[in-house]
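Thanks for coming, everyone. Please have a look at the sequence and the structure on the screen while I talk.

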Amino acid sequence: MLVIRIWNYFRGYVIIKIEGFTLEKFINLAISKNIILWDITRVDYTTLSAKVSTAGFKELRDVVQKVGCRVNVIEKKGYPFLVSKFKYRKMLFIGAILSISLVIFLTSFIWSIDVIGNERIKDEEIIKVLQSLEISEGIRKSTAKKADISNTLLLSIQELSFANIEIRGTKMIIEVRERSLAKIEIEKDVPCNIVALRKAVIEKIIVKNGRALVDKGEIVNEGQVLISGTINNENSDFPLLVHSQGNILARTKYNQIIEEPIIKTIDEETGEVFTTKEIVIGKKRIQLMNGEIPFKSYLEEKKIKEIGDLGLIRLPVVTIQHTYKEVKRIIIKQDIDALKHTTAVQGTQELMSRIPSESSVVSKDVRYMVEEQVLITEVIIEVIEDIGVKEKLTNTH
Amino acid sequence: MKKKIDDMKKNFSEILELPKEIMLDFPKITFIGNLQLYIENHKGIIEYGSLRIRVNTNAGILRVVGKNMVIKTIVMEEIVIVGEIDSLEFT
């Protein structure tokens, strides 16, 4: 039973080894004297091991004399023995308390700040705002007022729609949400124009509401009004303002230029390697160099290890292992035909990611030019897309 | 004479439905599966080994045979034996 075990722990008990021949007699005598033995195990024919309380152990002396066996203490267990151990080892006790209090003390600081949820706003921008509030790594947790921080963040960075500050262990996690850039839909009853999103050649124009200002085959520039929401009324002096609607399909061009040198210098590794280590504590750097780098030209590789990251606590200790690999410069002349192919594919891929998904590709053209040993590849893709964008009519129109 | 008194006790307890272990000073033995065995009202241990334990009682010597048997606790009135108990018999 757990309660009995805890009781025994606080009273203190000893594990004893009993050696002799009539050990059953020993047990019977012990219980007749009200000495409680527990966990009695037979080790071999002449030995038993058992647990007995410290008070009971003293009383066992009589029993031992009567039975004529030998009793040895194997282990002392329990709280009283732990205390008496510390009596002789005061420094150990002080050290234990010191280390615990040190951990408690150190965990009352914020050692790292994480910003999550931001895509367009840079971490530095948010941290800058925090610094204006005098919040940085190494401040006490109690000085960081969560509500104040989130309010200041929302006020000073307009693009944020939400900011939540959470302190987890020694880490401050700032979770933000950015305002979505979704086009503000213009209400159906608000007069508006439709303007061109980009330079294009009109292919087809369907007007559902409003007045078309352009015709098929016309070249329009970015921002040009395609369908006007202002309709002149013959009966009155004031023009009629409507919410224009319609689709304008137009031919647009997308191009991508990729430059690739034909003659390339490649660094080939010789296999010779030279490594050094560096320890970074906060902003201090300690170089552990053994001599100069023995290579003329080399590639450097950095391996950063955050040895200070202990899960809950993150100390600013980082080791950097620099590996210098000796390289030989080799000049290679690339095959132009192969190069043309790869650049064309690469250019097309990059273009396709830029083209809106609803548009349809009409033609693709690839042009090559060689200029001073550099292959210039231009990929042009023509697409038909809807270029109309609604723009609110203001009073000045 | 003693047998007569014992018989009387037995009949008496049967009539009044009194617990026999108290009236007759008999052991009360409780098994928990084959893992644990309580013997209340014992009269001391005669033999103790990990394979065989013999306990003296008023109803005769109780022999417990099993494997890895350990006396968990032992006090005046009660023994708790833990282990794989195979058989139990009075001899």
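Predicted model: local features only at pLDDT ≥ 70, side-chain atom pairs only at ≥ 80, totals over all residues.

Residues are numbered from 1 along each chain as its sequence is written, while chains are lettered from A and ligands numbered from 1 in the order in which they are written.

The model scores ipTM 0.81 and pTM 0.43. Within chain B, helix 2, residues 20-23, has the lowest confidence, at a mean of 74, and strand 2, residues 36-40, the highest, at 93; helices (H or I, at least four residues) and strands (E, at least two) are DSSP runs, numbered from the N terminus.

Turning to the contact, where C-beta atoms, placed from the backbone, lie within 7 Å, 14 residues come from chain B and 13 residues from chain A. On the side of chain B that touches chain A, strand 5 of chain B gives the most, with five residues. Strand 2 of chain A, residues 37-44, is joined to strand 5 of chain B by three bridges, and the two run antiparallel; there, Ile40(A) has Ile71(B) as its bridge partner.

Finally, chain A has an open sheet of four strands in the order 10-12-8-22, with antiparallel pairing, where pairing requires that DSSP finds at least two bridges between two strands. Its edge strands are strand 10 (211-212) and strand 22 (388-392) of chain A.

Note on methods
pLDDT = per-residue confidence, 0-100. Contact = placed C-beta atoms within 7 Å.
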